[in-house]
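Reader: I am new to reading protein models. Could you take me through a few features, one at a time?

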Amino acid sequence: MLKNYFKIAFRNLIKQKGYSFINIAGLATGMAVAILIGLWIWDGLTYNTYHPNYNKIAQVWQHNVYNGEVQSQVSNPYVMGEEIRNKYGSDFKYVLQSTWNFTRILTVGEKKFNKNGYYFEPEVTEMLSLKMLKGTRDGLKDPYSILLSESLAKTYFGDADPMNQLMRIDNKYDVKVTGVYEDLPYNTFFRNMNYILPWSLYLISNEWIKKMDNPWGSNFTQTFVQIADNADMEAVSQKIRDVKLNQLKDEGDRKYKPEVFLHPMSKWYLYSEFQNGKNTGGRIEQIWLFGTIGVFVLLLACINFMNLSTARSEKRAKEVGIRKSIGSVRSQLVSQFFSESLVVAFISFIVALLAVQLMLPLFNQVADKRLAMPWTSAPFWFVGIAFSLFTGLLAGSYPALYLSSFNPVKVLKGTFRVGRFASLPRKVLVVVQFTVSVILIIGTVIVFRQIQFAKDRPIGYDRNGLVQMFMITQEIHTHFDAVRNELKSSGAIVEMAESGSPPTQVWNTNGGFDWKGKDPALAVDFPNNSVSFDYGKTIGWQFVEGRDFSSEHATDSSAFVINEAAAKFLGFKNPVGEELKWNDKSYTIIGVIKDMVVESPYEPARASLFHISKDDGNVILMRLNPSKSSHESIEKIKSICEKYNPEAPFEYEFVDQEYAQKFKGEERIGKLASFFAGLAIFISCLGIFGLASFVAEQRAKEIGVRKVLGASVFGLWKMLSGDFVFLVLLSLLLAVPISYYFMDSWLAKYQYRTEIAWWIFAAAGVGALSITLATVSFQAIKAALANPVNSLRTE
């Protein structure tokens, strides 16, 4: 019997090729979207699970009260790990101090590259369960050792054995390769860990650290832990809460009220955002967003199947009547119709798998992922088959129950009619389809408007033609004046400056400030950038009042240039000339500049300060000569930099390109949403096209009679299109308030945000109507132009 069901199902598919194509194409598209989103969600949910102990690993964070607000930070004093180890050792298996993901110059013979890696305490190999391909996990015991990732070892040594080979770090230290570990996957926090250097070498190469008067007052390293097997993450986190506060002796530092806590590795990726000391989520919102989109897009495809199957009910009424009259019971008919939907579902699943395989490279590029089809995974096939069964049963449920309910007597007498309300469920489903599609369109438009709104925001300096170089070694800084003079003489640049931080990031913040009228209880922390005299000229500062730094003013070494946000925060009506104390040293405010967008372009600028320093050469900034080509200028800069610093690879960035990276997250959401919205519209149009084709076929005789009686082509087109236009208008009435509610909630998380303009809804409505009319018109006009003789010759 089962074999017979599927044989009939295949015959019906072949007999109705047009409807079969629409059903399979729509369902395959919906399933492809669901598979892509499923792979994307799974990648997010399994982030960091490469490490077997990920549910026991955590990062030490702090809550501090800065500028009247509770702010959360991941940076810690370099003594944090040692203190936790000494005081709470029984609660932890490992407590490790680490640097940030640093860039160092690694040299072997003639090969020299800037590569990212970490300084870590030796037990990192055990905590992260690194898979050692060569050497052992004890390879960091020697201060002058290094562990390499598999790909980095290949870059430097090819097929040769890298073990015990020497590498030079920053042209200062020689270290020996003591191990090679397997490359970490892309969906892990440590994916850019190309090498690991010993923490002890970091302390040796930075002697100033051990000479600090107040080691607990500076936060510039990271602390990672693995709690004991029998320990509870929340309980241990509560235990170490005051570990920093108990070490602070200075009352100024204690004002920040630091609270130390553990942020589990399982939450690093999906729950990375904090507001006012509370974990408010993060990428988990995207998981829910696109998971919901995937469910609705698949639902749209199922709706197509339901609509076309029930719409063709009269065509199959006699089949149902005959089957019932010769003894078929309803359960057998239900099984027959379910078998047809399952055949369509499994064929669609195969087509969807092929489509996903073809789309994955583009999808990975847009989503910034490294997803791959798990062809050899048994759970994947189990889930895939279950997914196909579920989709087939969902899509076939309504048609199976509806068609099997027909009365055989009425059907075979010819008196069966579907009834005036028979098409109501189909109309409801079409409304649902277009409501979802229009919501996706409106949402996508608003996302891109928010991005453009932030891009159009004044940033307070001129980023065009501005080049930055990060100084790993100090050779250029040591010869700064000579390099600057040569570059200006060559005509490659018009100005050059140094700074402690790049114009697109905050690398340093400071407290210890006091001024007239300050609340003594207020603990402040300001971004504080050390710059050279020509920094303002180089980046194109825009002054509101006062003047720039000048080497002609000897007192400028004790001066601040502040931004508008700082002037407002300090409460000075006329800030120029006012005194600001920093660690008991007096500084004079000489100028106020427009707020620079240094951090998020969606948030207000923080109160920021700039001061002169001759010691910080972390970043070199150059303003290219606009009268010369960028390529020519860069080549000249390269030759002069290599002259003064031959051991360092020449690398640079255009500041405008670096600034553009700030929009990548929202642009990614917008591109993915537009991609899925486009597929949703495609599925909806397929359904409308199929229904329009069926309606035209069903009303062929009516159209023929109307034409004989003088109806015009336009009148017939209007009659056939009117029902669909009404359904789309009803969809718009539902989609507008729903989309406004959700997008207004989404925009609420941005302090600097666009308005939701009325024309967005109007444009989405016009677009949806246009697409509907274009889809329906083909069948409507085709039916209207048909010769009425062909449809009436049997009457």
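Author: Start with helix 12 (residues 378-403), which gives the nonpolar patch its largest share, four residues. Helices (H or I, at least four residues) and strands (E, at least two) are DSSP runs, numbered from the N terminus. This is a predicted model: local features need pLDDT of at least 70, side-chain atom pairs count only at pLDDT 80 or more, and totals for chains, interfaces and linings use all residues. Residues are numbered from 1 along each chain as its sequence is written, and side-chain values use heavy atoms, with hydrogens and water left out.

Reader: Which residues form the nonpolar patch on the surface?

Author: Phe346, Trp375, Trp381, Ile385, Leu389 and Leu393, with about 490 Å² of accessible area together.

Reader: Is Met496 buried or exposed?

Author: Buried means under 20% relative accessible area, exposed over 50%, partly exposed in between (1.4 Å probe, protein chains only). Met496 counts as buried because its relative accessibility is 1%. Trp381, in helix 12, counts as partly exposed because its value is 30%.

Reader: Where is Met496, and what does Met496 touch?

Author: Met496 sits in strand 16 (residues 493-499).

Reader: How far apart are the C-alpha atoms of Met496 and Leu360?

Author: They are separated by 44 Å, and the two residues lie 136 residues apart along the chain.

Note on methods: Patch = residues over 30% accessible without salt bridge, like charges linked within 9 Å, V, L, I, M, F, W, Y side chains within 5 Å. Areas by Shrake-Rupley, 256 points an atom, 1.4 Å probe, with all protein chains shown as cover. Salt bridge = Lys/Arg side-chain N within 4 Å of Asp/Glu carboxyl O.
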